[in-house]
Structures are given as structure tokens and as C-alpha cells.
Amino acid sequence: MAWGLLLGSLLATLLIATVKAEAVLNLDGMPWTLTNGNASISLTTNIPAYPLEVLRSNGVIGDPLYRYGEQDSRWVAFQEWTFSVTFSAEDAAKLAAQEQAVLYLGGVDTFGTISINGQTVLQTNNFHRHWTVPIKSFLDASGPNTLTISIAPAYNTTLEEQAKYPYFIPTLYNTGSIGAYNFARKPAFDFGWGPAFAASGIHGTVKIIAFSKPTLAGAYLAQSHDDEFFTLKVTSQFLTPDSGGYGTLRLALPELNITVEQEVEFLAGRQNSADLFEAATSIQVPRADVELWWPAGGNYGSHKLYNVTIEFEPLGSWCGTLAQGTPRPRRPSTGYSFLDQLLGMPGAPGAASGVDFNLDVQDGLRASLNIGDLFDFNIQIGQGANGRPGSAGSSNAGADSSSSSGTAGAVASSAECSYVRKRIGFRTVELVTDPLDKAVQDLFGDKPGFNFSENPKIIDSILFKQEGWQWALSDNGQWKRFEGNNSAVAGAVQESYYFKVNGVPIFLKGANVIPLSILPSNVTAELTQSILSAAVESHQNLLRVWGGGSYHSQEFYDFCDEHGIMVWQDAMFGGSHYPRNPEWLANIEEEITQQAERLSWHPSILAWCGNNELELSYEWANNTFIRSNRNMFVNDYMANIKTLRRAIKKVNPSNIFISSSPTKGTIVDDDEEFLLRWGWIGDTRYGSVHHYDYMSDCENFRSYPTAKFVTEFGWQSYPMPETYAAAMQPEVDWGVGNPMNEFRNRRTDVTPQFLYQYGLHFKLPKDWNPEDPQERMKRFRSYLWIGHMQHARCYETSLNFWRRLRSHATSLTMGVMYWQLNDIWQGASWSSLDYAGRWKPVHYAVKRAYAPIVIQAILDQSTVDIFIVSDLVNATSANVQLTLVSLNDTAASCSAATVNSQRVVKFSVEVPGLFASKVKSIAVADLLAMRPGCTATTCFLTATATAEDAAPTEAQLWLVPFKAIEFSDPELHIESAEQVSPGTVEIKVTAERPAALVLVSELAPLSGHYNDNAFSINPCEPRVLSFTSHKGEIAPADLKEGAFYVESLFNHSSWSDLPVSGAAAGSSPNTNTGATAGTTPAAAAAAGSNPLPPVVHGSIAQMVAAVEREEESPEEAKGAAAANAAAAPHPVEHRVFVAPGQTLEQVKQQQPAATTAGTPAPVAAATAAAVETPAATAAAGTPAEAAAVEKPAGVAADAEKPQAPAEKQT
């Protein structure tokens, strides 16, 4: 009787539900009011929006990235900001007429309090997730309704959270950092690393969804495989009304002619209308029926994607696939519905041609405010119109949001069917960590590897001179602790570390990606495509999403799917230790669940990684409190890591989870036990490494570690001159060691390191900053130019080295990602693309080094080795030519006989697939003897290889440093520049004499990149380049004479006659250089010549001992000082731990207090730019040092700027 009554009640509920509808109110495009804490500022905006950008666009502040704008706008981070929007009583009535109503927030940054009509409904504390909350009871149908989102300053809040935590957890600081980022689920880089804005705002969509029928809210995928089938487990997620509901769930893969349907029922009596109901559908697809998805980087295969549609049709409704006006009746269940399970009535599974089908419906409730891939759905309105969902809202907060229907401020109603549309790729991925001898068999087969003339040194990292030990598998099969730091430790079995995709070992070539803008609201689809297209053009097949930033937008991952770029996805944790209290762990578990569900559809996801550099941090964490409580911090770390792993594996058990980057890997990795291999992080026998060494010769391949996988390495350069000039006043700020340039590099004491490295290879002036301002700017431009060429040559050396190590039996390097692809401001960094998207010379070097087939000409002591590295699947043949070019060659003498005399060696060779082959070795003396008159200082080598199925490849080798060579003026010319398509120009470059390091550039308004650049020219072989505009179609008027210009090393080694081209052209004379020579290490270094290896002068790294919580012994202090003096990594040498009871300002005693503006007086949106605002009372919670400074709104005049040494700026 009880079951019968319950069944009758449920059926009655279903009948009621069929006459109800859905309403959606999208608030994004409506006018929002933005006010600060004391209401002295009131502006109008739409969302997504950040106060920093709203203030700039309304003229209240200047450009935060211009000169010292970061400091001028610092007060914005100390304010509470409130967004408010009002919607009508009519809209509220439509929403309230539905059975349930929820507020959806796509992304709040970060500590938000959300109120409706003055009543608090939600508090947020996580940038990286989205939020839902029931709000029907708060709606007022009798008058206007107001939604407010008040966001507390992250700077204040994080310090408060750190202070009240039960025990002290230090924060890792870079130069200029603020706050305590490890106490916020907010991008760590917001608090410093580049510019420190700690900005607050709304970065996702905001909407109210009211419903009376079950609504398909999202879906996620778990893909697994065996030898015969791919199994797709699609979990559909529903918002359901309190009364429950019933309908048909349909899953279709149209290209494979697969459609399955299932009746689904939902129980009444939900406790929280924001919770989700989940229904899992499993389909087995024969492997023989699908085309596999392959990564780029070789000729592995295409990046095939299949469309997937998940559709829900409520009982009594009709969808576009049905005839108009014929609602589908309830049909007998063909599988297990929730009601069937409740009544114990098993149903027969449905079937579809070519697939095995099973439905598992469960009441998959999570904690309140969850939703995995929520609101990636469309609602069919009226006559069953079908439309592709458009992208909107959150760029990275876990929801691929799409507008349900209607325009901003208008409630869309009468919804019938809801659907989610996705794409999938069929592929397998595995991480291979086998003993080295087994891995060699897998990677080499019957092919021989190669050895060096002498084994390159195994780096004893200058960063981490800790005790050397490692847990390893011994040769008798037992795990034990081995002492020693290098790979030659006897008895320890090394392990491989490489990835297979679809069973094929793939050499992964890529870069690290940081956030695409300092503000998420400024990231556009066009910006995303521009940055990622540069990765594609440079043959990259792997990008690492760095854990110090944020998860990227849907457009980012879609692009990677479409172009075969695999993604190493960090969870957003980096550098510092983190809390582990229950609230924290629950928050991060929901965050990572949402993100794992959102990204589950993307075949580009190679692996999930728990964090950036946390395992590495145990070696640089020389804070005494950490050392004496290591076990406590390790336990905290493992609590966080196991939480992340559990959530990621729950979404898809096939996900590869890596604990950290870098890591030494695991001893046990399964659901029962997860044990890390602890030990010296620099050991190259296991796992991955990060490598930063600013003191060794970066053009010597022996200075790089023979690592299995390199997830970070890098060298720095400044932006391209045009980009850099736009962020400052060149006539004031351009000078080596100038405070502005030091301010633009968040590594300390960098200029001496730069000049030391440059001095190893290039001729440098005795004085970089002569009194004549025009000459000073010219020399500074040469300083930028040399820095770019050094950056390029560092990366070309290292990338070539690691690519050929794939076939070195004790190395087996199978992946490398340089730091970093893109940039967030106009400052010195490791990026290959500058802030404006211009390709630095290093990006052209990356493109050459990452080519599918690349020839390498390597000087190994007294021998030149020629390698060909192939990422092609099959063997091919190549024609190789070695050419010796003499500096005495001229264009006038380029007869057939001269060209023939240059080409000293020709041969053909078989090139194995997926291998690095040494195809020739020639003693330097024998090589030079092949062309009469050649010496190491008068000739250079060009090696070319032309292979089937691959573009020609070229390597150039200078046998001595450039500073040892006397160059004549090569008389470079742009002979022609012809527009061959609306956005493309063909450029011919000629030279009368050989030219080293030739760089072709364009003048504004042109902006774009070339098919090649930063190469040396043989006068007998003019270069024809292709220029592609970044702005689309090129106007003929822009191709005026001089639109392109060319320069070479000659122009930047003749110090009395430097070109003034590009950004520095036309700069006005000004004797105010902004630099005080001799007052800073940078300025002192710039005034000298042939610099010695730099030492750290008063760097923040040396202050670490002064801020430790406990006193060190004299021996400890002496050891720490020695370690600090030797340290020169990214970004370790300026990491600072703040002890309990201290502020960052107290720690950085040598740094002046931040020049911070007080809160401006009231500003109206229409007159913001014209108002002269007196200083106002600081808002509650503003730090005293900020409130005490009285300044008008906007950026102060340049003359008012403090010209303090850059490393002292905060």
C-alpha cells in the first residue's frame, strides 16, 4: 500500500509539472553601479568587470601598466568594491511564478558577499569556481529588486586569514609582492610575480534561473578503453524542482550514427534546489569505427573531433525533432529510472546499433553550491528552435556558460527542452615510468643511440645544494634510500618519464602559459587565438597551464583540441605551503571537481598536476620554522594533494595525476595508497625538473641537466622596443641600470647577470650610459637587442640538446617546456611573445628547434657533430649539405664557382622515425681545411637537410664567440616588399657581405611576424621572408618606404654609430636620464666593461635570515649566506618568508613604503575624467600606510615619481 501511495503521489506530481515552464534573467548586459567602500566613487558598468579597468576607462586612474602606474593604482586593491544591479518587479514576478529559482554566479574574485533586497544569500571565497544558491524566497514581486555583490580587498583578507590560522604558514614573496596569496583561492600571480594588483571583480556571468521542470544543466565525460572498445560514460546533470519530474534523456553522436534514449524520473522533496541530480549513460564504441585524435608536432595523425549532443525532453513537451504540437507521451521505461530503482523494478537496458548501452541513474547530490559543468546548456523556446549555444560569462571559473535565451534584463520563458552540445576526441594517454633498460627497448627498438665525446656533467644545481639522497628502486627490487646527488649512484635503478598517445611515444615540445591578461575580463577570444596560434606556428604540441595563475577559458581548450596541442593542466596552487583545515579542503575539492568536469570533454588534456613547485619548495624553504616542523608541513601538503587526486580521479578514473611540477614521482599511486618519492629535487634519474641557471654559459649544452622531462627552464629578455617604449618615456627611462628598467624586472640584481652573460659572447661598450641622451638611448636599444639574441641562442642551445637526448640511453629526455610563452605586462620576462603579442627573436629560435625534422650543428669541444632529429612516425631519407661561408665573400663575387666552393660536404642519409641520429662528425680542423682561407674567426657553417614529408631545415654554427670576430658592414637592404595577399607581404633581404644575427622588423602601424628571423645571411643566398599582419588586411598606404627595416650584429657592436630605429627614433634630447650611475648594482655594472661574474648585492634573498622565526646558529647563518650568494634562479633568489608578528614592510627594510594614493573624492561616471579630486578619508580596512598618502585621482606627473632603485620598489 505504501509503495502504491508513493507511486500515485509521484505520478500526480508529474502531471502538475507538465504545465509549468522556465524563466531566465541574464544580468550581464544590464547597467550595474560600481561603488567603493566610502561611496566616494560611483560609476556605471556592465559585467564581467573589474574596478581597476572601470576606473581606468573612466579616467579616474591612468594606465596601471604605464611607468609606475602599478604603485599609483595600489589604493584600488585596498578598497571594498560593490557591484549592484536592479531588475523590475515584473521580472521578479515571472521568476517567482516558477517552482524554484536559483542565482548563478559564473565567477567572483574573490571574497564576495551577495545580497538580494538587503538580505545576504551567499558568501564566496574562491575565484576558481562558480556558485549557485536558491533565492526564490528573497524575490519581491511588488517593486524593484536589487542584487548587490560586495567584494572585500584580498590584500587585507588574506593577511587576516593568515594571522588567525592555528599555526603560522609562511607566504613566499617575490619582489613587489603584497598580501598572503596562499590564504586565498585566487590566482597567486595577482599578489606579485609580475605587477601586484590583487584586483577584485566579477569575471563570470550572473543570471537567475527559475524552473518548474527538470532542466539539463550540464554534463561531464569519463573516457576509458580496452583493446576493442572506447567506453564513454556521460554523466548528465539536472536542476530539478521540489515536485520532481519525468522525461526522456537522449545522447547522440551523429557522425557515428549513434543515438540512445532513456526515460528518467526525479523524486520530489529536494532539500536544496541548487543541488544536482546526476544520470550516467555508458556507451561502448568499437575502436575500429572511430578516427583517433592525435597531437601535433609530427605526422602522427589528424585532430579528429566528434560532436555530442545531450538532450532532455520533459514529459508532455516536444523538441525540434518531433512534429509541431505533438507532445511526446510517457513511454515504458527501457532502463533503470530512479523510480524503478526505488520500487525494485528492474528494466531492460536499451540498445543501439554498433554500441553497448547502459544507464545508471543516481541521486548524485553534492554539497550545496556545487554544480560541475553547470549551465552549459540551451533551452528550446516556443516552436522548438534549435541553436548552437553561444559562449558567455566565466572565462575560467569552472562553467562553460551559455545564455539560455533572451536579452539582458528580459526574462525568457516557456522553455521546453534543454540540451548540451560538446565535442570529443577518441585517444589514449599513458605516462610510462619504466626501468631505463625497458624504456630503451621501447623507444629505440633495434636502433643504436649515441654517446657524447665526454658525458656532459650532471648538474649539481646551484639552486638547491641540499643533502643528496633519493628513494629509488634498487637493483634487487627493493625500495631503499640512496645517498648522493647524481645519476651515477650505484645500485639505484633509473626510471623513464614519457607519455604515449594512442600507444605511440610522443616527444612533447612546448611552453608554459601564464594568464593571458592581468584581468580576466580583458581576455577575449581574439587574444586567446593570437597567442595559441603562435604556439601552433612554432610546432608546439604541449602547453602547461601554470599553477600560479588561473584555469583558462573555454576558447583556450577548444583551440587546443582543434590544433592538436596537449595541455598539462596544473591545479591552481604554487610555491607556498597551504592550509589544510576541513573548510579549506572542502572548498578546493569542489573547485577541482568543477574544473575536472568542465575539462573532461577535451582530448587535449594530457595530465592533471597538483601544483607548481610545492615539492621543490621544501628545498628552498630555509625558514627555520618550516625546517623544524617539516613533518607538519608535509602532512598538510599530502592532505591537499590527496584531496585533489581523489576529486580528479572521481570525475574520470583514467585521468593521469601528477603530484607537482617538478616531482620525483611516486612509489605507490593507487586509490588505496599514494606515496611520493621524496628526495633531492634536482636528481635527474626520476620525474621532471625545473632548471634555471643564470651563471653558467647558456650557449654551452653541457650546462644543462640530462633530465627525463623538463617542465620549466628559462632565460630573460625585455619586450621588443616598440612594446617597451609604449609603457614608458624612452627619453627619461631608457638606460641600462635605470630605475624604471629595474622596476620592470621582478628578479633582483639582474642587470649584472645579464651583462655577465652578454659579455661571454658579445662585444660590449665600456659605458652603457654616456652623457649624450640620444647616444644613451641608442645604447639601451642595443642592450635590448643583444638581450633578445642572447635569449634566442640560450633556448636554441637547450632545446636542441634536450631533443637529441631522446636517443641518449641514460638520459631519454622526452619532453621540454620552456618558461614562458606569453606575458602579462611590458617588463623583463622569460616569454617568447611580448605583452603586445610581438614575436621576440627567441620565438623564431623555438620554431626552428621544434620543427618535426630538425638538423643540428653542434660544436662539441674540437668536433662538429651533425644530428638530425625526427618526430615523423616512419623513416625517411634526407639530403644534407654543409656550407662554409667566409666573411670575405661578397655578393659581387657570388659566381657559380664561389657557391660551389662554399658547399664543402654533401651526402644523403636514412633518418629513423621518432629518433635522434648523429649523422656525421667532423673535426673542426678538418672542416675548416675544406675551404682554403677559413679559420674559426673568419668562417661560419650552415647545415641544411631536405627530407621527404617535411619542410627543409637549417642550422648555423659560429665556431667562436661573436666578440672574437671582426665584422665589416654587411650593407643589408630590404630590396623589395610586395603585398601578396591582403594580410601578407613578401620581403626580400640582400647583403653585400655575410651578416650575423639578422633581424627584420616593421614600423607602426604595421604589426606582425615573419616566417623566419634572427638568422645569419650568406651574401650568395638572399633571403625571401613572409610577413603576416596581426591586424588583418594591410592598407597599401602602410607599405611606404621604410615600413620594414633590417639590422644585424654589426649595428650593435660598433658603438660610435648605432641606428636609431623603431621605438627610439625621434626621441627628444633630455639630460634627465632617471638613472644615478653608481648608486645601484645595475648602474654600477652598466658603467663598466667586461663584467666579472655578478654577486648578489643586497638582494631580498639575503634578507631571509633576518626574518626567520627562530635564531640560527652562526654555522647555519654562514651556510645560509653562502647559499644565498650562490642562488640565481627563477624566481627563487628573491623569495621571502614573513615570520609571525611581522609585516612584509618590516621585512623589506631596505625598500621604501609603497607610494599609494588615498581614496578619491566622489566621482560621477560622466565627469570622472574632468574632476580634480581632493584627498578623501580612506575606506574602512585600508592600511594606514596607504590612507596616509593624499593624492588626486589619476596618475601623477612623471616629475613627481620617486626614482628609487628598482629592486627597492614595492
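Tutor: This is a predicted model. Start with a pair of strands: how many bridges join strand E5 to strand E13?

Student: There are 6 bridges between E5 (residues 100-105) and E13 (residues 206-211), and the two strands run antiparallel. One of the partners is Ile 208 in E13, which is bridged to Leu 103.

Student: What makes E5 and E13 count as paired?

Tutor: Pairing needs at least two bridges. E5 and E13 have 6, so they count as paired under that rule.

Student: Which strands form the open sheet, and in what order?

Tutor: The sheet has 4 strands in the order E1-E13-E5-E9, with antiparallel pairing.

Student: Why are E1 and E9 called edge strands?

Tutor: Strand E1 (22-26) and strand E9 (131-134) each pair on one side only. Neighbouring strands of the sheet are turned by 20° against each other on average, with direction ignored. Helix H4 (residues 89-96) lies across E1, E5 and E13, at about 140° to E1.

Student: Why is Gly 510 called buried?

Tutor: Buried means under 20% relative accessible area. Gly 510 has 0%, so it counts as buried. Gly 510 is part of strand E29 (residues 508-513).

Student: Which residues does Gly 510 touch, apart from its neighbours within four places in sequence?

Tutor: Gly 510 is in contact with Gln 540, Leu 542, Val 816, Met 817, Tyr 818 and Tyr 850. Trp 819 is 309 residues from Gly 510 in sequence, yet their C-alpha atoms are 9.3 Å apart.

Student: What makes Tyr 718 and Phe 754 an edge-to-face pair?

Tutor: Ring centres must lie within 6.5 Å, and planes over 60 degrees apart count as edge-to-face. Tyr 718 lies in the loop between strand E37 (709-713) and helix H14 (721-725), while Phe 754 is in helix H17 (residues 750-761). Both Tyr 718 and Phe 754 are buried.

Student: Why is the pair of Phe 801 and Trp 802 called tilted?

Tutor: Stacked needs under 30 degrees and edge-to-face over 60. The planes of Phe 801 and Trp 802 are 45° apart, so the pair is tilted.

How values were computed: Residues are numbered from 1 along each chain as its sequence is written. This is a predicted model: local features need pLDDT of at least 70, side-chain atom pairs count only at pLDDT 80 or more; totals for chains, interfaces and linings use all residues. Side-chain values use heavy atoms; hydrogens and water are left out. Axes are lines fitted to C-alpha atoms, for helices over the stretch in contact, and angles run from 0 to 180 degrees between N-to-C directions. Contact means heavy atoms within 4.5 Å. Buried means under 20% relative accessible area, exposed over 50%, partly exposed in between (1.4 Å probe, protein chains only). Rings of Phe, Tyr and Trp (its six-membered ring) pair if their centres lie within 6.5 Å; planes under 30 degrees apart count as stacked, over 60 as edge-to-face and the rest as tilted.
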